[in-house]
Amino acid sequence: MKTYWRSIEELANPKELRRVEVREEAKQKSMLMRGDSDLNSASRRDFLKTFGFGIAAASIVASCKRPVNKAIPYLVKPDEITPGTADYYASSYFEGNEYGSIVVKVRDGRPIKIEGNTLSSVSQGGTSARIQASVLNLYDDARFKGPFKGGQEISWEKADEEIMARLADLQSQGGKVVLLSSTIISPSTRELIRKFADKQTNTEWIQYDPVSASGILQANLKSFGSAFIPDYRFNKAKVVVSFGADFLGSWLSSVEYTKGYSAARQLQNDRKEMLRHYQFESGMTLSGSNADVRFPIKPSEEGAIVLALYNAIAKIKGGQILAGVPSSVDVADLAKDLLENEKQSIIISGSNDVNIQLLVNGINQLLGNYGQTIGLENPLLVKQGIDQDTEQLLADLKAGTVKALLVWNANPVYDHPKGAEFAGAIKKAGLSVSFSERPDETTALCQYVLPETNFLESWNDLEPKAGIYSLSQPVIAPIFNSRQPQVTLLKWIGGDLNYRDYIKNHWKENQFQKQKDTADFRQFWNTSLQNGVFETVSESKSVYSPDGLSQAASQVKPAVGGLEVVIYESIAIGNGKYANNPWLQELPDPVAKISWDNFAAVPVAYAEENGLKNEDVIQVNGIELPVFVQPGQAKDTISVALGYGREIAGKVGDQTGTNLYPFVGIENGNRQFFVSSAKVEKVPGKTFELAISQTHHSMEGRPIVRETTLADYIKNPVSGNELKAEHESKSVTLYEAPVYNGHHWGMAVDLNSCTGCGNCAIACQAENNIQVIGKEQVRNRRIMHWIRIDRYYSENPENPKVSFQPVMCQHCGNAPCENVCPVAATPHSEEGLNQMAYNRCVGTKYCINNCPYRVRRFNWFQYVKNEKFDFASNSDLGRMVLNPDVTVRSRGVVEKCSMCVQRIQEKKQLAKLEGRAIADGEIKTACSQSCPGNAIVFGDLENPESRISKLFKDKRNYHLLEELHTLPSVGYLTKVRNTNV
């Protein structure tokens, strides 16, 4: 039987680690009785002695004083609003490279939850953790409350008057104006910027991406004559080869790619083939952890390997053999696999090196992938910034030739490698204006701050792919005195339209002309707004040219010696713009399972050779970083995440982690996200505490994760799941068989589709009012997420196999938690749900101790309206995100997954009112609805025709700890790897 382990410590000495965990668990369980730094030091006996008096006193106070509820009734109620009933609006999200067509849930005027729009061909109903958490950004107290000049409040009228006068002077004098923005994918906004530049004729527009795709854009300009990012169709691929591109995590359009990738690896309904995934990378990324075959390499080795792969394929195909440096990896078998799947593969690279991208283009052309698995008709538009443009801007600012700088959704002082130089150069501009929604390092240096509205308060249109459009509409009036930059630009050019009407006019002149369904623009607009999307198909005129291939091969450099530092975007924090979002800060890294900090991931062998262990501190080129020993980290490499170390972000993001942007190198004008020949030294005697959550729970050596290979699965569909029959044959119980009244709600998780991204954890947090507890409490093993993604390693620690498993309350038919509660706070419903009666719970935690799945959470403190936990729920503004359908739990109460019972009740009532049965798939839990991999299915097990009933009959289906005969209502489908190894 394969051995699974969670950490290097468990692999080395599992018994000793378990002894440490038992001692820690005992310490936590006795915390309330012995006293805590934040608790009273009274004993349990003293507590019980006074408990009765406390209840009596509380009853007297409660009976004498009613709580004050602030509410303003409607004088005239809007027709479209029914108090207590949610409204849903189609909208769109875009930030950095992350796009999502979304549906926003609004309760009594408050946006409280975001879901994916199933009508979109891009996001296809899926979301990411950052999209889910974006609703919390709306209620961030750190947002600017109005316009400022020199740190002092100013009216919009006065600011417009002064800035327009300054711009008019620059126009007459020929002074250069630069608009520095992030990539803008709004066609209406792009047109508006061009109109602004037509009036302010000395204006230059520069798009800037902190983590750019310059290499791909410039390579495609040479290969196809146009700077674009292709449309990668993972759902049509049989083989995917990725060189350092974390396409399931943070690379380009990760939600769309996860949808396609998971669909191509789907084995339900007796399917017998699945995508095979090869990954070359340095750090263990989300994509690498899901790969069938993974090659740990140094970043400097990538170019030679790509060149070798090109030559191996070209030799068979009769193409040109390119001279260059030799490869450190034998790619003969990989080339053979690709040639056996011509026109059905995808080769990608996350490198920003134009030469590597040109070679990748050459491989895809040799394999016939263009027009098949790689589309050219609807190229991706999410990253359009060219690094050289930003470098030239810095030079112009330093030279004093830029007289006015307008900054829109860009923060180069923080996230540019030469941020310190930008900080000094901005001061040389005679006029500097920031449109930032919230404080940041660049905005702090600008003379004027004209804060933009949140995307949930704004009108907009988006074009994530050429010809694929979506609309964004305000779902709440602006909370603060803010204004869309588009409105500002319209005012500055003398326009008399509001931006909504401007978008409508633009669509009437453009998008409306591309459709043939209706001649009525009003009908077209209303339909597009209601659906949230409008999609067209274009014809590609791009033709591949091999120009530049030979030169690219000659520019590939040999691998260098010494340590190399890889710098990457984390799944949660991304480029760091929303580092002040506590939901994202507390989301554990999918692989390392660390929250609240970035860290130096070092290889296992390197740690052993240099006497390093977790939480030691090393200096990397003079910057101190905590150590995390990462299985799978490539030899002679260290990985560190970007997005941390903010100086001006807010109370949550400030001084959290270390800023690695100054480490980013610049070569041939493009940013390179690795550092060669790094100097690394251990800081003697110094440690730094990390909030690691994966070691909170143990498998105790039991086969919780089950897997097999595709070849074995084809021979025997039960392969990897043999234990199920053994356990069922030995099942003996004194319990009576559960009886269900009409419904038996259950959940199925396909481990082949789950990538471990963590989206479900944030979706559940948003839906169920799960509180943020902070780094210290996470370290104390108290993380509150109702659904956790367990990560397990197996085999060689230098390059292990990785398994992910979402674990939530299993809603057992014979639940061990239910019969131990002394106050009957854990009842079992007639529909198979393990319920929690919060107002009965007195916090004995017997249920927690008796749960074999470790899925119950205890509120050790009052996390709401407690200044010691000042994250998101202390202010009235922050609490606006709370879901009124779910109780906010208080201190001393146990909580856990409820399978979103509030959603179940809502749909049951709706079906009853309409006099019909509940349709299969009509009820979706927060986790299942938002999953980008479609890995989670919720439904009624009493309905034999339901999808979940069929999945439970699948030969891959099993339950956790079947030998206990707890009869879980959650099933798991065995993971299948497409490799014979």
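I take helices (H or I, at least four residues) and strands (E, at least two) as DSSP runs, numbered from the N terminus. I am working on a predicted model, so I read everything below with that in mind.

**Entry 1: two asparagines in loops**

With those terms in hand, I looked up Asn668 and found it in the loop between strand E27 (665-667) and E28. Its phi is positive, about 55°, although Asn668 is not a glycine. Is Asn668 buried or exposed? I noted a relative accessible area of 65% for Asn668, which makes it exposed.

Then I turned to Asn269, which sits in the loop between helix H9 (254-264) and E11. Asn269 also has a positive phi, near 60°, and is a residue other than glycine. At a relative accessible area of 75%, Asn269 is exposed.

**Entry 2: a four-stranded sheet**

I traced an open sheet of 4 strands in the order E12-E11-E10-E13, and the pairing is parallel. Which strands stand at the edges? They are E12 (293-296) and E13 (345-349); each has a single partner strand, so one side of each is left without a neighbour in the sheet. From one strand to the next, the twist averages 10°.

I then zoomed in on strand E10 (residues 239-243), which pairs with E13 in the parallel sense over 5 bridges. Val240 stands opposite Ile346 of E13. Helix H11 (residues 302-317) packs on this sheet and touches E10, strand E11 (276-281) and E13. The direction of H11 makes about 150° with that of E10.

**Entry 3: helix H8 and what covers it**

How many of the 11 residues of helix H8 (residues 214-224) are buried? I count on 9, so H8 is largely enclosed by the rest of the structure. Among the buried residues of H8 are Ile216, Leu217, Gln218, Asn220 and Phe224. I asked what covers the buried residues of H8, and the elements include strand E9 (229-232), E13, helix H13 (354-366), strand E14 (374-380), helix H14 (387-399) and strand E28 (670-672). Just after H8, Gly225 takes a positive phi of about 80°.

E14 runs antiparallel to E9, and 3 bridges join them.

**Entry 4: two helices crossing**

I set helix H7 (residues 187-199) against helix H18 (residues 499-509): they pack at an angle of about 100°, with their axes 10 Å apart. That makes H7 roughly perpendicular to H18. From H7, the contact is made by Pro187, Ser188, Thr189, Glu191, Leu192 and Lys195. From H18, the residues making the contact are Tyr499, Tyr502, Ile503, His506 and Trp507.

I found Glu457 in the loop between strand E17 (448-449) and strand E18 (460-465). Its relative accessibility is 5%, so Glu457 counts as buried. What lies 2.9 Å from a polar atom of the Glu457 side chain? I found the backbone nitrogen of Ile479 there. Leaving aside neighbours within four places in sequence, Glu457 is in contact with Leu138, Arg143, Pro474, Ile476, Ala477, Pro478, Ile479 and Ser482.

Arg879 is in the loop between strand E36 (857-858) and strand E37 (894-895). It counts as buried, with 17% relative accessibility. I noted a polar contact of 2.6 Å between the side chains of Arg879 and Asp876. Not counting residues up to four places away in sequence, Arg879 touches Arg110, Val864, Lys865, Ala872, Ser873 and Asn874. I also checked Arg977, 98 residues from Arg879 along the chain; the two C-alpha atoms are separated by 44 Å.

**Entry 5: cysteines**

How many disulfides are there, taking sulfur atoms within 2.5 Å as the rule? The count comes to 0. Cys760 is in no disulfide, and its nearest cysteine sulfur, that of Cys927, is 6.3 Å away. Cys760 is buried, with a relative accessible area of 8%. For Cys931, the closest cysteine sulfur is in Cys757 at 6.3 Å, which is too far for a bond. Cys931 is buried as well, with a relative accessible area of 10%.

Methods: Residues numbered from 1 in each chain as written. Predicted model: local features only at pLDDT ≥ 70, side-chain atom pairs only at ≥ 80, totals over all residues. Heavy atoms only, no water. Pairing = 2+ DSSP bridges. Axes fitted to C-alpha atoms, helices over the stretch in contact; angles between N-to-C directions. Contact = heavy atoms within 4.5 Å. Buried < 20%, exposed > 50% of the residue type's maximum accessible area, 1.4 Å probe, protein only. Polar contact = N/O pair within 3.5 Å; in protein donor to acceptor, adjacent residues only side chain to side chain. Disulfide = S-S within 2.5 Å. Parallel < 35°, antiparallel > 145°, perpendicular 65-115°, else oblique.
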